[in-house]
Amino acid sequence: MMKPTMKLGIFMMPVHPLHRSATETLREDREAVILADKLGFHDAFVGEHLTDKAENITNSMLFLATLIHSTERIKLATGTSNLSQMHPVLIAAQAAMFDHLSEGRFILGVSPGALVSDAEAIGIFEEDRNKMFGEAIDVILAIWEREPPYDIELPNNRFKVSTRRTLHLETGVGIMPKPYQKPRPEIVGTVVAPFSKGVVAMGQRDFHPLSANFLLPQWLPSHWANYAEGKQKAGVKPDPAEWRVARTVFVADDDKVAARYGRDDPNSPYRFYYRQLQTKLTKAGRHVVFKERVDQPDHELTEDFVLDRLCIHGTVNKVVDEILKLRERVGHFGELVYAGMDWVDPALAKRSMELMATEVMPRINAAIGATSLPQR
């Protein structure tokens, strides 16, 4: 039996200081994905928001399309396409085209879209966006599975799709594209909440979970347990290789540099990142992800408390040890997803990615190959 190995991916929300220009940060974010490709990262997830100056990629698919011909091997993943914000016909058609343009180097990451200012701006603030998400993904899959004229009218689903009245097969009118990958691209859902019941549904439908990097480690096993439950309901053995776990990691050649840039400096991009995330999630009432227990008082969630528990920083040996400890705690997972940050110091940021790919992951996989966790 082959020993399990762990892939390396990158997840970029990304979060940039408000004083930086969009032109500059978009160029930097492209450079990060290009570097990840050269270093052998498996995939790159890129987030999107319509109304966030710090997270200023407004359409992840459009952004990633600019990278198809600037990269060679890395899979390009929406992280995520926010399905409450677009009609599912648009997502289905555009994702299928992207899959062809990239010749299968595409992963469709999906979510409802959590940013409330986005929802307000497009007039869906009062809507049940989780319900819209579920309805949209059902329609996207139906489009890819069916032939024209489609006639999609699913129970309790607001989206009705047909081209029957205008279909003209001889000229191709009324026909939507199918993806390059058969039967469809991999579909990944980012999971934030502990004990998320949405992960059960992912397991049932063969969507793969990506556990967020801002979730405390003790909550991660709840994601695997729910995913495995969904797989078992579908009559399929759960495979840990399908589970991605994102973590915030900074690797440096010197421990003092790692501590300064990864935590202590007031201008640390990691400190800025978690200050932004904690403020947003607290305002939205979703800051339980930072708590060690559900009833933990909010005042205990200081910046240092959060950084101590969520930012892995150090030289190669320390980072390897921390990631192996995490794996012992939560069980095997198939991919470690490295959280991309603003490049306050481009040389340090690039060096961290390089060390992660060329030093940390080979040592982790050597250690995994030498030892076995109990079978799930």
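I started at Met356, which touches Leu8, Val249, Val251, Ile323, Leu336, Tyr338 and Met361, leaving aside residues up to four places away in sequence. Contact here means heavy atoms within 4.5 Å. This is a predicted model: local features need pLDDT of at least 70, side-chain atom pairs count only at pLDDT 80 or more, and totals for chains, interfaces and linings use all residues. Residues are numbered from 1 along each chain as its sequence is written, and side-chain values use heavy atoms, with hydrogens and water left out.

**Entry 1: the core**

I looked up the core next. Met356, Phe214 and Phe290 touch the most other members of the largest nonpolar core, which has 114 residues. A nonpolar core is a set of buried Ala, Val, Leu, Ile, Met, Phe, Trp, Tyr and Cys residues joined through side-chain atoms within 4.5 Å. Buried means under 20% relative accessible area, exposed over 50%, partly exposed in between (1.4 Å probe, protein chains only). Helix H12 (residues 346-370) gives the most to this core, 10 residues. Helices (H or I, at least four residues) and strands (E, at least two) are DSSP runs, numbered from the N terminus.

**Entry 2: cavities**

How many cavities of 30 Å³ or more does the structure hold? I found two. A cavity is a set of points, on a 1 Å grid over the protein atoms alone, where a 1.4 Å probe fits but cannot get out; lining residues have an atom within 4 Å of a point. Grid points are joined across faces, edges and corners, and a volume is the space filled by probe spheres set on the points.

The largest cavity has a volume of about 120 Å³. It is lined by 15 residues, and those closest to its centre are Tyr338, Gly340, Met341, Trp343 and Ala349. Strand E1 (7-12), helix H1 (22-39), H9 and H12 each give two or more residues to this lining. H1 supplies the largest share, three residues. By class I noted 11 nonpolar, one polar and three charged residues. Ala, Val, Leu, Ile, Met, Phe, Trp, Tyr, Cys and Pro count as nonpolar, Asp, Glu, Lys and Arg as charged, and the others, Gly among them, as polar.

The second largest cavity has a volume of about 30 Å³. Its lining is Glu48, Asn59, Met61, Ser81, Met86, Ile91 and Gln94. That lining divides into three nonpolar, three polar and one charged.

**Entry 3: salt bridges**

I counted 33 salt bridges in the structure. A salt bridge is a side-chain nitrogen of Lys or Arg within 4 Å of a carboxyl oxygen of Asp or Glu.

Lys280 and Glu55 meet through their side chains at 2.8 Å, N to O. Lys280 is in helix H9 (residues 269-283) and Glu55 in the loop between strand E2 (43-46) and helix H2 (60-65), so this pair links distant parts of the chain, 225 residues apart. Glu55 is buried at 4% relative accessible area, whereas Lys280 is partly exposed at 27%.

Lys178 pairs with Glu147, the closest N and O atoms being 3.9 Å apart. Lys178 lies in the loop between strand E7 (160-161) and strand E8 (186-191), and Glu147 in the loop between helix H5 (129-145) and strand E6 (152-153), so the pair ties together parts 31 residues apart in sequence. Lys178 is partly exposed at 22% relative accessibility; Glu147 is exposed at 56%.

Asp308 and Arg263 form a salt bridge at 2.7 Å, N to O. Asp308 is in helix H10 (residues 303-310) and Arg263 in helix H8 (residues 255-264), so parts 45 residues apart in sequence are tied together. Arg263 counts as buried at 16%, while Asp308 is partly exposed at 47%. Which network does this pair belong to? Salt bridges that share partners join Arg263, Asp264, Arg271, Arg275, Glu303, Asp304 and Asp308 into one network.

**Entry 4: backbone**

I looked at cis peptide bonds. The bond from Gly79 to Thr80 is cis, with omega near 25 degrees. Thr80 is in the loop between strand E3 (75-78) and strand E4 (81-82). Pro148 and Pro149 are also joined by a cis peptide bond, with omega about 15 degrees. Pro149 is in the loop between H5 and E6.

I then looked at phi. Glu103, not a glycine, has a positive phi of about 50 degrees. Glu103 lies in the loop between helix H3 (88-101) and strand E5 (106-111), and is exposed at 57%. Asn156, not a glycine, has a positive phi of about 55 degrees. Asn156 sits in the loop between E6 and E7, exposed at 71%.

Conventions: 1 Å grid on protein atoms, 1.4 Å probe; cavity = no way out; pocket = protein on both sides within 12 Å on 5 of 7 lines; lining within 4 Å.
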